[in-house]
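Welcome! Take a moment to look over the sequence and the model below, and then we can walk through them together.

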Amino acid sequence: FEIGLNNTTLCSSAGAATVLAIKYLGPTVFPEPNDEQSDSRLRRVGVITAVTLTAHNFPEGMAVAISTMGSAKLGLKLTVAIALHNLPEGLAIACPLAMSKQYSPLGAVGVALLSGLSEPVGALLTLLFFRNVIT
């Protein structure tokens, strides 16, 4: 436990130091593009992130379904873990879209929610098509 805690603390501190360094040194090393170009790039980042996380969420739903079929307790644990890690994934989609000014905040959240819906679809399809094979 202590080895894990030490590594987590070290990596978290290194990550925080990197973020602070980029915050203060970034504008001098990487100049800001103009607003129109920046908005277009933010929108592109948000859309690409939404597409990749949609593909990423589908097998997570499959994993939840399969683990639940084996053990309800394991399925619940995996569901909670995946749900918690989906929060920053949703932010990774919604924030660039909302910041691009080409999506309203509500529209950006809607895109993130739609991306997350591939997870229950993956679970449902797994239950429908593989129920007899797995159990």
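## Cysteines and disulfides

Counting as a disulfide any pair of cysteine sulfur atoms within 2.5 Å, the total here is zero disulfides. In general, a disulfide is a covalent bond between the sulfur atoms of two cysteines.

## About the model

This is a predicted model, in which local features need pLDDT of at least 70 and side-chain atom pairs count only at pLDDT 80 or more, while totals for chains, interfaces and linings use all residues. Residues are numbered from 1 along each chain as its sequence is written, and side-chain values use heavy atoms, with hydrogens and water left out.

## The overall fold

The protein chain holds five helices and zero strands, giving the pattern α-α-α-α-α along the sequence. Helices (H or I, at least four residues) and strands (E, at least two) are DSSP runs, numbered from the N terminus.

What are the dimensions of the C-alpha trace along its principal axes? The trace of the protein chain spans about 60 × 45 × 20 Å. Its radius of gyration is 19 Å, whereas a compact globule of 135 residues would have one near 14 Å. That radius is taken over C-alpha atoms, and the globule rule is 2.2 Å times the number of residues to the power 0.38.

## Inside and outside

Of the 135 residues in the protein chain, 21% count as buried. The accessible surface comes to about 9,500 Å², and carbon and sulfur atoms make up 72% of it. Such areas come from the Shrake-Rupley method with a 1.4 Å probe; for residues, only the protein chains shown count as cover.

Contact means heavy atoms within 4.5 Å. Among contacts in the protein chain with a separation of 6 or more, 74% come from residues 24 or more positions apart.

Start with serine 67, which lies in helix H2 (residues 35–70). Serine 67 is buried, at 10% relative accessible area. Leaving aside neighbours within four places in sequence, serine 67 is in contact with Leu74, Gly75 and Leu78.

Next, look for proline 105 in helix H4 (residues 105–116). Proline 105 is exposed, with a relative accessible area of 59%. From proline 105 to valine 51 there are 54 residues in sequence and 18 Å in space, C-alpha to C-alpha.

Note on methods. Buried means under 20% relative accessible area, exposed over 50%, partly exposed in between (1.4 Å probe, protein chains only).
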